[in-house]
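This briefing sets out selected features of one structure, grouped by topic.

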Amino acid sequence: MRYALGIEYDGSQYYGWQRQKSVISVQQTLEQALSKIAAEPIEVVCAGRTDTGVNATNQVVHFDTTKVRKDVAWTLGVNTNLPKDVAVSWCQQVTEDFHARFSATARRYRYIIYNNNLRSAILSHGLSFCHYPLNEQLMHQAAQFLVGQHDFTSFRTVHCQSHSPIRTLLHCNVTRKGDYIIIDVKGNAFLHHMVRNIAGSLMKVGQELKPISWIKEVLEAKNRCLAGITAPAAGLYFVDVEYPAEFALPKRTLGPLFLD
C-alpha cells in the first residue's frame, strides 16, 4: 500500500530534509518513527527537499508498506515517536501512481521578515530579522519582474545541482502585516537557495539601496555575483504543494500560524 502524509517541522535543529551520514535530518527522523509503527524499514519521498534550518508547514511525503495499519497509527502513533519539532498533520492512502515529488504541479514558499528597529526576544526563533525600514510596496513591484518562465541563474547557489536554471514563477507577492513582511512565492519548482536569494535581493530594493528595475537587470544578467546576499534560512517556510484534483489530498491553512 502507498500512503501520503502531511508533515510540518521546525527545521532549526536539522541539517535539512535529506538523509545524510553523521548529521540529523528531518527525513531520517520521520523514517525512524514510521518504521517503529510499521515494524519494517520505511523510506519516504518528499515533495520538495528543504535546506538546513528551513521550516515546513505543509510538506507532503509518500511511502510504501506491506503492513496494514489504521490511519490513526500513521498520525497519532507516529507523532508519539517523533520529537516535538516534527509532526504528522494528516494521512491518506493513495494509488500507486501518486508520487509526492513527480505528481506535484506547484510548490509554494513564504519568507517571513520581522521588520522593526529593535529585535524581539519572543520572536527570535523562526523568523528573519531586519532593523532597517523596508518598503514592501517597492519590493512587490520589483518582484513582478520574476513572475513567469525565466533563467534564474542569478538566484541560485553555485552548488546547485539542477541541470537547468529555467523555472516558472506563478506569483511573487510581497505584503506587510504590522511588523511582518511576507514574501510569498509560488512556482513549478525551485533551485537551490532560490527563494532565499530572491528575498535577499528584494530586501536591497526595500531598503531603497537599489531601484525596482535592478531586479530585472540581475535576472537578465544570469550572474549570481550581481544579486543580493542569501537571506537567513530561519525565515523560510515550505507552505504548500499542489497536486491534480484526482488525488483529493487534504488542504490545510498555509501558515506560519501566527500569520493566517
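The second largest pocket is lined by 23 residues, and Tyr 9, Asp 10, Thr 57, Tyr 237 and Pro 256 lie nearest its centre. The model is a predicted one, in which local features need pLDDT of at least 70 and side-chain atom pairs count only at pLDDT 80 or more, while totals for chains, interfaces and linings use all residues. Residues are numbered from 1 along each chain as its sequence is written, and side-chain values use heavy atoms, with hydrogens and water left out.

**Second largest pocket**

- Its volume is about 340 Å³; a pocket is an open set of points on a 1 Å grid over the protein atoms alone where a 1.4 Å probe fits, with protein on both sides within 12 Å along at least five of seven lines, and lining residues have an atom within 4 Å of a point.
- A volume is the space filled by probe spheres set on the points, which are joined across faces, edges and corners.
- Strands E1 (2-9), E3 (55-64) and E4 (86-94) are the elements that give two or more residues to the lining of the second largest pocket, and E3 provides the largest share, three residues.
- Helices (H or I, at least four residues) and strands (E, at least two) are DSSP runs numbered from the N terminus.
- The lining of the second largest pocket divides into twelve nonpolar, six polar and five charged residues; Ala, Val, Leu, Ile, Met, Phe, Trp, Tyr, Cys and Pro count as nonpolar, Asp, Glu, Lys and Arg as charged, and the others, Gly among them, as polar.

**Largest pocket**

- The largest pocket holds about 1,100 Å³ of space.
- It has 36 lining residues, of which Gly 48, Arg 49, Thr 50, Arg 101 and Phe 190 are the closest to its centre.
- At least two lining residues come from each of strand E2 (44-46), strand E5 (106-115) and H4.
- By class, 17 residues of this lining are nonpolar, 13 are polar and six are charged.

**Helix H4**

- H4 (residues 194-206) has 13 residues and spans 18 Å from first to last C-alpha, close to the 18 Å expected at 1.5 Å a residue; the expected span is 1.5 Å times one less than the number of residues.
- Twelve of the 13 residues of H4 are buried, so the helix is largely enclosed by the rest of the structure; buried means under 20% relative accessible area, exposed over 50%, and partly exposed in between (1.4 Å probe, protein chains only).
- The buried residues of H4 include Met 194, Arg 196 and Asn 197.
- Glu 208, which follows H4, has a positive phi near 65°.

**Strand E5**

- Tyr 109 lies in E5 and is buried, with a relative accessible area of 8%.
- The UniProt annotation "binding site" (unreviewed entry) covers Tyr 109; UniProt positions follow the numbering used here, feature names are shortened, and annotations may be inferred rather than shown by experiment.
- Arg 110 is also found in E5 and counts as buried at 8% relative accessibility.
- The side chains of Arg 110 and Asp 184 are joined by a polar contact of 2.8 Å; such a contact is a pair of N or O atoms within 3.5 Å, where within protein one must be able to donate a hydrogen and the other to accept it, and residues adjacent in sequence count only if both atoms are side-chain atoms.
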